[in-house]
Amino acid sequence: MNQNIICWFEIYVKNMERAKKFYNAVLGTEFRNIADPTEESGDMKMAFFSDPENQGVSGALVEMAGTKEGDSGCVNTMVYFPCQDCSIEESRIASAGGQVSRSKFSIGEFGFISICVDTEGNPFGLFSME
C-alpha cells in the first residue's frame, strides 16, 4: 500500500483541452486520457498527469458536470487518502462530525472511492483497491 498521506489529487476544470494545454506548457507534462471510470453516465472526462503506477502520488484533470471548477472562493481540487478498505474509514466520518457525500463506489479497474466532507466543509476522498 502507498505510504504517502495523500495518494491522489484531482483538479476540476471547465475545459479539458484548454487545461491540458496550460499544464503542458507550464509543467511539460503529457496527459493520458481515460474513459469515465464510473461507467455511469459517460459525461466525465479525465486526463492523468502521468502514469499513477510510476510514482507515489499522481492526479488528474477532471471535467464533470456539478463540480466547482476554479470559481473564486470555491473548491477546485480534491485530495484522496489511501486506505485498505475505504468503507472502514467512511464508517467513522459521521461520528467524527463530518459527512459522507457519496458512499464507497467502484471506479472500475482503478479501485474504489468514498467522497466525504470534513467538519470545516472541505471535501476529500478515501481510496482503496478493495
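In helix 1, the residues Met16, Ala19, Lys20 and Tyr23 are buried, where buried means under 20% relative accessible area and exposed over 50%, with a 1.4 Å probe and protein chains only. Seen down the helix axis, these buried residues fall within an arc of 100°, so they line one face of the helix, the arc being that of the directions from the axis to the C-beta atoms. The model is predicted, so local features need pLDDT of at least 70 and side-chain atom pairs count only at pLDDT 80 or more, while totals for chains, interfaces and linings use all residues. Residues are numbered from 1 along each chain, and side-chain values use heavy atoms, without hydrogens or water.

**Helix 1**
- Exposed residues Glu17, Arg18, Lys21 and Ala25 are carried on the face turned away from the buried side.
- Strand 1, strand 2 (32-34), strand 3 and strand 4 are among what covers the buried residues, helices (H or I, at least four residues) and strands (E, at least two) being DSSP runs numbered from the N terminus.
- At the start of the helix, a side-chain oxygen of asparagine 15 reaches to within 3.2 Å of the backbone nitrogen of glutamate 17, and glycine 28, with a positive phi near 75°, follows the helix.

**Nonpolar cores**
- Trp8, Met46, Phe48, Tyr80, Ile113 and Ile115 touch the most other members of the largest nonpolar core, which has 15 residues; such a core is a set of buried Ala, Val, Leu, Ile, Met, Phe, Trp, Tyr and Cys residues joined through side-chain atoms within 4.5 Å.
- Apart from this core lies another, of 9 residues, including Val13, Met16, Ala19 and Phe31.

Terms used
Contact = heavy atoms within 4.5 Å. Polar contact = N/O pair within 3.5 Å; in protein donor to acceptor, adjacent residues only side chain to side chain.
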